[in-house]
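Colleague: I'd like to learn how to read a few features in this model. Could you walk me through them?

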Amino acid sequence: MNSSSNATHLPPPPIMWAQRKDKLFLTVQLENCTNPTITLKDNSLYFHGKGGSGNTDHEVLLEFNKEIDPDSSKYHVTGREIIFVIMKKDSSSGFWPRLLKDSKKVHYLKTDFEKWRDEDDSEVEEQDDFNLDEMMQSMGGLQGGAGADLGDQEDSDDENLPDLQ
């Protein structure tokens, strides 16, 4: 059962994935890939691009476990990776048991634990609408620090400590 019709069998790029009940997050990790060919259909994603350390061609056809909505899905090419936000066609069906239709494990596909949420994390996910711009801005780090507004308060534990011997 070979899903690729390409006779040259180009290597697939490394891909990270995570999901919410209504969407999938896919990250194709291929540096210096500036002009990839991407085709989103109701049940698949085709990717072909040149990049990586050897600037070689990579190709993959992902056949999804269930249908997606190609029209409301989007992607962003960053130069280091290609980030996809893919909308599930039927968000009421909730979390998918796996990303791909075929249950066989593939070596290039890994779970993206940075973006992963479990089904029981639903309270968090309601306000966790993925936004690329916000993500890029937030990578600058946290503002402020713990205890910045304590003023001149003294800690009573610091008084009259015996000398260490």
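**Rings, charges and a sheet**

Modeller: Happy to, and keep in mind that this is a predicted model. Let's start with a charge over a ring: Lys88 lies over the face of Phe95, 5.4 Å from the ring centre.

Colleague: How many aromatic pairs are there?

Modeller: The count comes to 3 aromatic pairs. One of them joins Phe64 and Trp96: the ring centres are 6.3 Å apart and the planes stand at 55°, so the pair is tilted. It links distant parts of the chain, with Phe64 in the loop between strand 5 and strand 6 and Trp96 in the loop between strand 7 and strand 8, 32 residues apart.

Colleague: Are Phe64 and Trp96 buried or exposed?

Modeller: Phe64 has a relative accessible area of 2%, so it is buried, and Trp96, at 4%, counts as buried too. Tyr75 and Phe84 form another tilted pair, 5.4 Å centre to centre with 40° between the planes. Here Tyr75 is partly exposed at 40% relative accessibility, whereas Phe84 is buried at 0%.

Colleague: Now the sheet: in which order do the strands run?

Modeller: The order is 3-4-5, in an open sheet with antiparallel pairing. Strands 3 and 5 each have a single partner strand, so one side of each is left without a neighbour in the sheet.

Note on methods: Residues are numbered from 1 along each chain as its sequence is written. This is a predicted model: local features need pLDDT of at least 70, side-chain atom pairs count only at pLDDT 80 or more; totals for chains, interfaces and linings use all residues. Side-chain values use heavy atoms; hydrogens and water are left out. Two strands pair if DSSP finds at least two bridges between them. Helices (H or I, at least four residues) and strands (E, at least two) are DSSP runs, numbered from the N terminus. Rings of Phe, Tyr and Trp (its six-membered ring) pair if their centres lie within 6.5 Å; planes under 30 degrees apart count as stacked, over 60 as edge-to-face and the rest as tilted. Buried means under 20% relative accessible area, exposed over 50%, partly exposed in between (1.4 Å probe, protein chains only). A charge sits over a ring if NZ of Lys or CZ of Arg is within 6 Å of the ring centre and within 35 degrees of the ring normal.
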